Amino acid sequence: MIEALGGSPVVLPGGDIYPALERGVVDGAAWPAVGAVNYRWFEVSSYFVRPTFGQVGHMLLMNLDAWNALDEQTRTEIETAARAYEVEASATFDGLAGTEEETLVAEGMQETRFEDDVVANLKSAWYNGVMDLAATVNPDEIAQMREIAETAGIGE
(Lines give C-alpha, C1' and ligand atoms only; values in the text may rest on other atoms or scores of the structure.)
Protein backbone atom coordinates (compact mmCIF):
# COMPACT_ATOMS: atom_id res chain seq x y z
CA MET A 1 0.00 0.00 0.00
CA ILE A 2 2.73 2.46 0.97
CA GLU A 3 4.74 1.57 -2.13
CA ALA A 4 1.65 2.11 -4.31
CA LEU A 5 1.51 5.63 -2.87
CA GLY A 6 5.17 6.21 -3.76
CA GLY A 7 6.57 5.69 -0.27
CA SER A 8 9.05 3.33 1.32
CA PRO A 9 7.48 1.25 4.08
CA VAL A 10 9.10 1.05 7.50
CA VAL A 11 7.63 -1.26 10.13
CA LEU A 12 7.55 0.33 13.57
CA PRO A 13 5.85 -0.62 16.83
CA GLY A 14 2.98 1.73 17.66
CA GLY A 15 4.93 3.34 20.49
CA ASP A 16 7.79 4.27 18.15
CA ILE A 17 5.60 6.14 15.67
CA TYR A 18 5.25 9.31 17.79
CA PRO A 19 9.01 10.00 18.08
CA ALA A 20 9.53 8.97 14.44
CA LEU A 21 6.94 11.54 13.31
CA GLU A 22 8.24 14.13 15.77
CA ARG A 23 11.84 13.81 14.55
CA GLY A 24 10.92 13.57 10.88
CA VAL A 25 12.25 10.02 10.57
CA VAL A 26 8.99 9.12 8.79
CA ASP A 27 6.61 11.36 6.90
CA GLY A 28 3.45 9.50 7.88
CA ALA A 29 2.04 6.35 9.40
CA ALA A 30 -0.64 3.87 8.38
CA TRP A 31 -2.74 2.73 11.33
CA PRO A 32 -6.25 1.39 11.90
CA ALA A 33 -9.02 3.98 12.15
CA VAL A 34 -9.05 3.47 15.93
CA GLY A 35 -6.07 4.05 18.20
CA ALA A 36 -4.29 7.18 16.98
CA VAL A 37 -5.86 9.33 19.71
CA ASN A 38 -4.41 7.20 22.50
CA TYR A 39 -0.95 7.55 20.95
CA ARG A 40 -1.47 11.34 20.75
CA TRP A 41 -0.13 11.52 17.19
CA PHE A 42 -2.19 14.68 16.73
CA GLU A 43 0.61 16.40 18.66
CA VAL A 44 3.15 15.63 15.92
CA SER A 45 1.01 15.35 12.80
CA SER A 46 -1.46 17.76 11.22
CA TYR A 47 -3.43 15.53 8.83
CA PHE A 48 -5.27 12.24 8.55
CA VAL A 49 -6.28 10.81 5.19
CA ARG A 50 -9.59 9.50 3.88
CA PRO A 51 -10.96 7.23 2.68
CA THR A 52 -9.55 4.60 4.98
CA PHE A 53 -8.29 1.35 3.51
CA GLY A 54 -7.92 -2.23 4.63
CA GLN A 55 -9.83 -4.09 7.28
CA VAL A 56 -8.78 -5.30 10.67
CA GLY A 57 -10.27 -8.57 11.84
CA HIS A 58 -10.83 -9.59 15.42
CA MET A 59 -11.00 -13.34 15.48
CA LEU A 60 -12.71 -15.65 17.89
CA LEU A 61 -10.55 -18.74 18.16
CA MET A 62 -11.15 -22.15 19.67
CA ASN A 63 -9.02 -25.23 20.09
CA LEU A 64 -9.95 -27.71 17.33
CA ASP A 65 -10.03 -30.69 19.66
CA ALA A 66 -12.38 -28.83 22.01
CA TRP A 67 -14.56 -27.80 19.03
CA ASN A 68 -14.72 -31.36 17.75
CA ALA A 69 -15.72 -32.58 21.22
CA LEU A 70 -18.86 -30.41 21.18
CA ASP A 71 -22.21 -31.73 20.07
CA GLU A 72 -23.76 -30.33 16.87
CA GLN A 73 -26.32 -28.18 18.69
CA THR A 74 -23.63 -26.46 20.78
CA ARG A 75 -21.49 -25.81 17.68
CA THR A 76 -24.52 -24.33 15.91
CA GLU A 77 -25.25 -22.07 18.88
CA ILE A 78 -21.63 -20.88 19.00
CA GLU A 79 -21.61 -20.21 15.25
CA THR A 80 -24.86 -18.23 15.54
CA ALA A 81 -23.50 -16.18 18.44
CA ALA A 82 -20.22 -15.58 16.56
CA ARG A 83 -22.07 -14.29 13.49
CA ALA A 84 -24.13 -11.95 15.65
CA TYR A 85 -20.97 -10.79 17.42
CA GLU A 86 -19.30 -10.05 14.09
CA VAL A 87 -22.12 -7.69 13.10
CA GLU A 88 -22.21 -6.09 16.55
CA ALA A 89 -18.42 -5.68 16.72
CA SER A 90 -18.32 -4.12 13.26
CA ALA A 91 -20.92 -1.54 14.27
CA THR A 92 -19.09 -0.88 17.55
CA PHE A 93 -15.77 -0.29 15.79
CA ASP A 94 -17.45 1.96 13.20
CA GLY A 95 -18.76 4.05 16.09
CA LEU A 96 -15.36 4.13 17.77
CA ALA A 97 -13.75 5.22 14.49
CA GLY A 98 -16.24 8.09 14.19
CA THR A 99 -15.56 9.23 17.74
CA GLU A 100 -11.82 8.95 17.12
CA GLU A 101 -12.06 11.12 14.00
CA GLU A 102 -14.07 13.76 15.88
CA THR A 103 -11.37 13.84 18.55
CA LEU A 104 -8.57 14.18 15.98
CA VAL A 105 -10.38 17.16 14.44
CA ALA A 106 -10.98 18.69 17.87
CA GLU A 107 -7.25 18.34 18.56
CA GLY A 108 -6.44 20.32 15.41
CA MET A 109 -5.89 17.67 12.74
CA GLN A 110 -7.38 18.17 9.30
CA GLU A 111 -8.81 15.60 6.93
CA THR A 112 -7.12 15.28 3.57
CA ARG A 113 -8.35 13.00 0.80
CA PHE A 114 -6.68 10.67 -1.65
CA GLU A 115 -7.07 11.70 -5.29
CA ASP A 116 -9.70 9.74 -7.26
CA ASP A 117 -7.09 7.73 -9.19
CA VAL A 118 -5.51 6.64 -5.91
CA VAL A 119 -8.89 5.76 -4.39
CA ALA A 120 -9.62 3.54 -7.39
CA ASN A 121 -6.55 1.43 -6.56
CA LEU A 122 -6.62 1.49 -2.74
CA LYS A 123 -8.39 -1.82 -2.21
CA SER A 124 -6.23 -3.67 -4.71
CA ALA A 125 -2.96 -2.15 -3.45
CA TRP A 126 -3.83 -2.95 0.16
CA TYR A 127 -4.97 -6.50 -0.61
CA ASN A 128 -1.94 -7.33 -2.75
CA GLY A 129 0.46 -5.75 -0.28
CA VAL A 130 -0.91 -7.72 2.65
CA MET A 131 -0.98 -10.96 0.69
CA ASP A 132 2.53 -10.44 -0.70
CA LEU A 133 3.88 -9.76 2.79
CA ALA A 134 2.13 -12.83 4.21
CA ALA A 135 3.48 -14.93 1.33
CA THR A 136 7.03 -14.21 2.49
CA VAL A 137 6.24 -16.36 5.54
CA ASN A 138 3.64 -18.86 4.23
CA PRO A 139 3.73 -18.88 0.42
CA ASP A 140 1.73 -22.10 -0.08
CA GLU A 141 -1.02 -21.12 2.34
CA ILE A 142 -1.30 -17.63 0.85
CA ALA A 143 -1.52 -19.07 -2.66
CA GLN A 144 -4.45 -21.19 -1.43
CA MET A 145 -6.09 -18.16 0.19
CA ARG A 146 -5.75 -16.14 -3.02
CA GLU A 147 -7.32 -18.98 -4.98
CA ILE A 148 -10.22 -19.25 -2.52
CA ALA A 149 -10.73 -15.47 -2.64
CA GLU A 150 -10.69 -15.43 -6.45
CA THR A 151 -13.13 -18.33 -6.64
CA ALA A 152 -15.47 -16.53 -4.23
CA GLY A 153 -15.12 -13.29 -6.19
CA ILE A 154 -13.68 -11.41 -3.24
CA GLY A 155 -10.04 -11.14 -4.28
CA GLU A 156 -8.46 -7.85 -5.13
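Predicted model: local features only at pLDDT ≥ 70, side-chain atom pairs only at ≥ 80, totals over all residues.

Colleague: In what pattern do the helices and strands follow one another along the sequence?
Modeller: The chain holds six helices and two strands.

Colleague: Is the chain as compact as a globule or more spread out, and which radius of gyration tells us?
Modeller: For 156 residues the globule rule gives 15 Å, and the radius of gyration of the chain is well over that, so the chain is more spread out than a compact globule. Along the principal axes, the C-alpha atoms fill a box of roughly 55 × 35 × 30 Å. The radius of gyration is 19 Å.

Colleague: What percentage of the residues in the chain is buried?
Modeller: The chain exposes about 11,400 Å², of which carbon and sulfur atoms supply 53%. Taking under 20% relative accessible area as the cut-off for buried, the buried share of the 156 residues is 18%.

Colleague: How far apart do the centres of the positive and negative side chains lie?
Modeller: The chain has 8 positive and 27 negative side chains. The distance between the centres of the two sets is 2 Å.

Colleague: Which side chain of opposite charge is nearest to Glu100?
Modeller: Glu100 belongs to helix α4, which spans residues 72-106, and Glu100 is buried yet has no salt bridge. Leaving aside neighbours within four places in sequence, its contacts are Ala33, Val34, Gly35, Ala36 and Val37. A salt bridge would need a side-chain nitrogen of Lys or Arg within 4 Å of a carboxyl oxygen, whereas the nearest side chain of opposite charge is 8.0 Å away, and that side chain is Arg50.

Colleague: What is the phi of Arg40, and where does Arg40 lie?
Modeller: Arg40 is found in the loop between α2 (36-39) and β1, and with a relative accessible area of 41% Arg40 is partly exposed. Although Arg40 is not a glycine, its phi is positive, at about 60°.

Colleague: Which side chain meets that of Arg40 in a salt bridge?
Modeller: Side chains of opposite charge can pair when their charged atoms come close. In the pair that includes Arg40, the N to O distance is 2.7 Å. The partner has 42% relative accessibility and so counts as partly exposed; that partner is Glu43.

Colleague: Which two helices are tied together by the salt bridge between Arg146 and Asp132?
Modeller: The two side chains meet at 2.5 Å, N to O. Because Arg146 lies in residues 139-152 and Asp132 in residues 116-135, the pair ties together parts that are 14 residues apart in sequence, namely helix α6 and helix α5.

Colleague: How far apart in space are Arg146 and Met131, C-alpha to C-alpha?
Modeller: Arg146 is partly exposed, with a relative accessible area of 22%, and, not counting residues up to four places away in sequence, Arg146 touches Tyr127, Asn128, Met131 and Asp132. Arg146 and Met131 are 15 residues apart in sequence, and their C-alpha separation is 8.0 Å.

Colleague: Which residues does Leu5 contact beyond its neighbours within four places in sequence?
Modeller: Leu5 lies in the segment before α1 (14-23), and at 38% relative accessibility Leu5 counts as partly exposed. Its C-alpha atom is separated by 22 Å from that of Glu22, 17 residues apart along the chain. The contacts of Leu5 beyond those neighbours are Phe114 and Val118.

Terms used: Residues numbered from 1 in each chain as written. Heavy atoms only, no water. Helix = DSSP H or I, 4+ residues; strand = E, 2+ residues; numbered from the N terminus. Rg over C-alpha atoms; globule rule 2.2 N^0.38 Å. Buried < 20%, exposed > 50% of the residue type's maximum accessible area, 1.4 Å probe, protein only. Areas by Shrake-Rupley, 256 points an atom, 1.4 Å probe, with all protein chains shown as cover. Lys, Arg positive; Asp, Glu negative; His and termini not counted. Charge placed at Lys NZ, Arg CZ, Asp CG, Glu CD. Contact = heavy atoms within 4.5 Å.
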